Amino acid sequence: MTPAESGATTGLTLDGVSKAFEGVKAVSELSLTVPEGLIFGFLGPNGAGKTTTMRVILDILRPDTGTVRWRGRPVDDQTRRRFGYLPEERGLYPKMKVLDQLVFFARLYGMPRDEAAAAAERWLERFGIADRKDSRLDELSRGNQQKVQVLAALVHDPDLALLDEPFSGLDPLNSELLEAALRDLRDRGKTVLYSSHRLEQVEGLCEEVAIIARGQLRLSGNLEAIRDAAARRIVHVRTASRTPPDIGGLPLDPEEPGRDYARFSLRVGADPQLVLQVLASRETVEYFAIERPSLQEIFIEATADEAGAADEAGAAHKAGADGMGNTREPGAAGGVESADRTGAE
Amino acid sequence: MNVVRLIVEREYRTRVRSKGWIIATVFGLIAIVGLNFAPTIAETVFGGRQVRIAVLDETVAQAGATSGYLERLQADLVETLASGEPRYALERASADRAGMLAQVTAGTVDGFLLIYEADGLLITEIDGRPKFKLTTLEALGLAERSRLTSALSGARTFLDLEKRGIGGPEALELFRPVVLDTEVVDIGRVEGEQAGESWGLTYVLVLLFYMTLIIYGQYVAMGVIEEKSTRVVEIIVSTVRPFQLMIGKVLGLGLAALTQYGVWVAAGFGLLAARGALSGLQVGPVSLKFAAIDPWLLVAFFGLFTLGFFSFAGLFAAGGSLVSRTEDAGQITGPITMALVVVLFMAIYSMDNPESAGAVLLSMAPLTSPMIMFVRIALGDPPAWQIVVTCVVSLTTILALVWVAAKVFRAGILMYGRRMSVRAVIRAFR
């Protein structure tokens, strides 16, 4: 599914969403469709505009242009109560007891008291902190506070969970628990949109992803389709002698080798079968594989221009937000570009 | 489920269950009980002892005869100690000057009062009136000394009058204090002694009003800042409108404050009632007769108190919306507290002339209206329509301030750690 199908009556649709902070675009003309009933990875380098986008979806920030729709209708107070939100800036009421806190949030999202209490107990049990339910939040360890924060976004069984880096701060065991919980939600037809920098995990968990950089969509869609569609192929070769093969004259470029095999990227348009024949004619090939690029590689390729000039808009926004007053690099490329785009609208 | 009710409930519960709130309430109670028993305690600790004084009257020649001083003093000094026994025990001296001095030194009596004829002819003693001298082992307290002095003055005047042929009940009649009856014609009821009392009561209630706002205003401002300082705000505003949040905050925190206050006031009145002091309590120069308070005045007080409380709570909430760190709270509560002091002064000036143009105007202006209308109801005679105006103005003020607070709050949500610039505040209302 592509953003072009923004007329969809299911799922979340962003259409031409832009948001600028003091003239610097954090999100620019972002159109995106998140189909219902799956786990959606929202990826991008630091400061790409992921947090801003989530805040726009939840109406914490008003977009300068563009619309956000859920199931074909603009998102309003009523629909937002069916969302769950884990903000980037973590924060709950520190003096409130864990259980009371979850019940409060569940009720705030519209759950009746009894149901809210039952759900809160169930979730605490599931995440192994039921014994701390009567403790005040500020008496919990950081990891446990993090779990409670995640639960506050899920306790009311939202139709759409928007989670801003939910796995950060969780140990492998708790990550596992959360992954299972998200899969559960998905299996019951709920939608999860989450941002993360752990790309191997995203590969395992998400059906669809979107990669944004500098506030613009770089790639989105089904993860497998994206990997299939990537023009680049990686060739893995292990020779009997365990030494790197002679690639003279072949359309291969060396890559970082694997544990006991050499890796090459295959030049676009080259035929891998031909490469195998040549290699096999030179020495004994024990192992030959043609791999699609990993999400990691796709990500780096899609955001390649970010490497140096980095996350202009996001950095400017954050500098403003935390009051650190970081001055921007004068005349940095990103800033100029954004300004031009602003002018063009 | 109503969202506002949910927020009110959370604010109220969290507050009322917090250690800080409970400790403050208990300390407040201890202070109230302490103040209530302070006079008794002070007496027990510092002066709860009977003073035995022997009176040696040298103005009478033969033993057994009396000049009347001892009897007059006994009739006047009738105070009792907390234990119920008389504070002053006066007896006739059993020996002469030297013998009495010995008794004082030995501690048989606390002191001996010598009444003697003046030797040298001082001007005041020309008509043969006696002089007085008190000899004690330990210096008398100021209160006891002035009490004895006034008793002696009274006795001497009484005996002087008797000498001139005015005695007994006739003389006592001369000592009766004057009662000034006052009548306020346009109210049409004779207030008599009550006028002074309602002035005193109004004064006390206005002060109470002011102190409550000072104490609990901070409370409300902090509660609003908490949303941002704990950063819970992002989750909250994604489900709740800022106006609902603010109304809920102000109501919840306000109710928690009023609960604490109610506990204290109830304890205070309960103790007064237990001591039987409701019929009359002397607070400095002001005498209060709680039992005699017009119930309608109490209704007016609680109604206007609530309106005034929430008006200022709205103002403190708006102030709290401007900052996002607890440490910055002082920057905004300071100016509001100053404004409160101004309102207090206005109220006190209004008490002198509750129907002056200024008082009438202020009793219908935002923020000042509840306190000053209360002064006017207590001491003046405002027409009903003006009271209605006051209520309407106050309610509008509350809603407007909460609305402003919500707007400012909404605009400042993501400004963690920063104070809002004037520009950002103005932008919030566009």
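Predicted model: local features only at pLDDT ≥ 70, side-chain atom pairs only at ≥ 80, totals over all residues.

Asp157(A) has a relative accessibility of 22%, so this residue counts as partly exposed. The side chain of Asp157(A) meets that of Arg188(A) in a salt bridge, with an N to O distance of 2.9 Å. Asp157(A) sits in the loop between α5 and β7 of chain A, while Arg188(A) sits in the loop between α6 and β8 of chain A, so the bridge ties together parts that are 31 residues apart in sequence. Arg188(A) is also partly exposed, at 47% relative accessibility.

What is this pair part of? Asp157(A) and Arg188(A) belong to a network of salt bridges that also links Glu36(A), Arg71(A), Arg82(A), Asp159(A) and Lys190(A). Over all chains, a search of the whole structure finds 47 salt bridges.

An example within chain B is the pair Arg92(B) and Glu71(B), whose side chains meet at 3.5 Å, N to O. This pair links distant parts of the chain: Arg92(B) is in strand β2 and Glu71(B) in helix α3 of chain B, 21 residues apart. Both partners are partly exposed, Arg92(B) with a relative accessible area of 42% and Glu71(B) with 34%.

I turn now to the bridges between the chains. How many salt bridges does the rule find across the interface of chain B and chain A? The number is six. In one bridge between the two chains, Glu89(A) pairs with Arg231(B), and the closest N and O atoms are 2.5 Å apart. Arg113(A) and Glu9(B) form a salt bridge as well, at 3.7 Å, N to O. Arg113(A) lies in helix α4 of chain A and Glu9(B) in helix α1 of chain B, so this pair joins two chains.

The contact as a whole takes 31 residues from chain A and 28 residues from chain B. The two chains bury about 2,800 Å² between them, and 56% of that area is on carbon and sulfur atoms. Arg10(B), Glu234(B) and Ile235(B) supply 22% of the area that chain B buries against chain A, more than any other three residues. Nine residue pairs, both members at pLDDT 80 or more, are in polar contact between the chains. On the side of chain B that touches chain A, the elements giving two or more residues are α1, α7 and α8 of chain B. The largest share, seven residues, comes from α1(B). By type, the residues of this side divide into 13 nonpolar, three polar and 12 charged.

Which helix of chain A do α1 and α8 of chain B pack against? The buried residues of α3(A) pack against these two helices, together with α4 and α5 of chain A. Helix α3(A) spans residues 98-108 and is mostly covered, with 10 of its 11 residues buried. Among the buried residues are Phe104(A), Phe105(A) and Arg107(A). After α3(A) comes Gly110(A), which has a positive phi near 105 degrees.

Finally, some figures for chain B. This chain has 15 helices and eight strands, and 44% of its 430 residues count as buried. Of its contacts with a separation of 6 or more, 72% are between residues 24 or more positions apart.

Notes:
Residues numbered from 1 in each chain as written. Chains lettered and ligands numbered in written order. Heavy atoms only, no water. Contact = heavy atoms within 4.5 Å. Buried area = accessible area lost by both parts, 1.4 Å probe. Salt bridge = Lys/Arg side-chain N within 4 Å of Asp/Glu carboxyl O. Polar contact = N/O pair within 3.5 Å; in protein donor to acceptor, adjacent residues only side chain to side chain. Helix = DSSP H or I, 4+ residues; strand = E, 2+ residues; numbered from the N terminus. Nonpolar A, V, L, I, M, F, W, Y, C, P; charged D, E, K, R; others polar. Buried < 20%, exposed > 50% of the residue type's maximum accessible area, 1.4 Å probe, protein only.
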